[in-house]
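Please open the model in your viewer, with the cartoon drawn and the chains coloured separately. The stops below say what to select next and what is there.

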Amino acid sequence: MIANIHIQIEDFDVADEIAALSEDGPETGAVASFVGMVRGGDDLTALTLEHYPGMTEREIARIAEEAGGRWALSGITIIHRIGRLEPGERIVLVAVAASHRGAAFAACEFLMDYLKTRAPFWKQEERGGAAQWVEAKASDDAAAERWRKG
Amino acid sequence: MNVLYFAWVRQKVGRSDEVIEHTPALRTIGDLAAMLVSRGGGYAEAFGDMKRLRAALNQAHAGLDAVLAPGDEVAFFPPVTGG
């Protein structure tokens, strides 16, 4: 199973990434993807994303490896942007290729839940010139925790 | 040891990293955090309530009881908020 992991400032092309994953092998029958974007409203001007270079890549690789151990996957692409992003801009892409949709859907959700609670990124919100760090949500911890059961 | 700070921890202590010599008194990450609180000022603000903080040892998540060694990379940061 191939995992492509990129931490970058630049935007990404979702169609290109999905097309590349679809070519991972003749056994690929499904690609599921998730795109996270900066949610506008509430006077939000922008988000700035900071991360821990080195640990981020290692932690995401660990999460991808765990997904590969749980489901039969042919490929994973994870792209996470950093820096200043405005409402409507893409932040993250998780795309998973598998033989069947069940594994692709489940692994995609698992990867997102773990990314949100394990990968060392921090968001700062800008509103009218004032900056504030985003607080972690208990609901994100609960979403990741449910994968431990059963 | 190389000690790194991220997000509001970095802002409160006023630096992104520093070298702190490993000593027998700094056996665990918790010991290191207690030493940093004792510096007062922004350090006391950042490390006063360890329940608000997370730590990593050599680029992997670690608890306060994780044992330190010379040359380790230790990081302190708030709970993560990516994705």
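Begin by selecting residues 44-51 and 121-127 of chain A, which are strand 3 and strand 7, run antiparallel and are joined by seven bridges; strands here are DSSP runs (E, at least two residues) and helices are runs of H or I of at least four residues, both numbered from the N terminus, and two strands pair if DSSP finds at least two bridges between them. This is a predicted model, in which local features need pLDDT of at least 70 and side-chain atom pairs count only at pLDDT 80 or more, while totals for chains, interfaces and linings use all residues. Residues are numbered from 1 along each chain as its sequence is written, and chains are lettered from A and ligands numbered from 1 in the order in which they are written.

Next, show the open sheet of chain A, in which four strands follow the order 1-4-6-2 with mixed pairing. Strand 1 (2-8) and strand 2 (30-37) of chain A stand at the edges with a single partner strand each, so one side of each is left without a neighbour in the sheet. Within this sheet, strand 4 (residues 73-81) and strand 6 (residues 90-98) of chain A run antiparallel and are joined by seven bridges, and Gly75(A) stands opposite Ala97(A) in strand 6.

Helix 2 (residues 55-70) of chain A lies across strand 1 and strand 4 of chain A, at about 150° to strand 1.

Select Ala107(A) as well, which touches Ala67(A), Trp71(A), Leu73(A), Val96(A) and Ala98(A), not counting residues up to four places away in sequence.

Finally, turn to the contact between the chains, which takes 14 residues from chain B and 22 residues from chain A. On the side of chain B that touches chain A, helix 1 (7-13) and strand 5 (73-77) of chain B are the elements that give two or more residues.

How values were computed
Contact = placed C-beta atoms within 7 Å. Axes fitted to C-alpha atoms, helices over the stretch in contact; angles between N-to-C directions.
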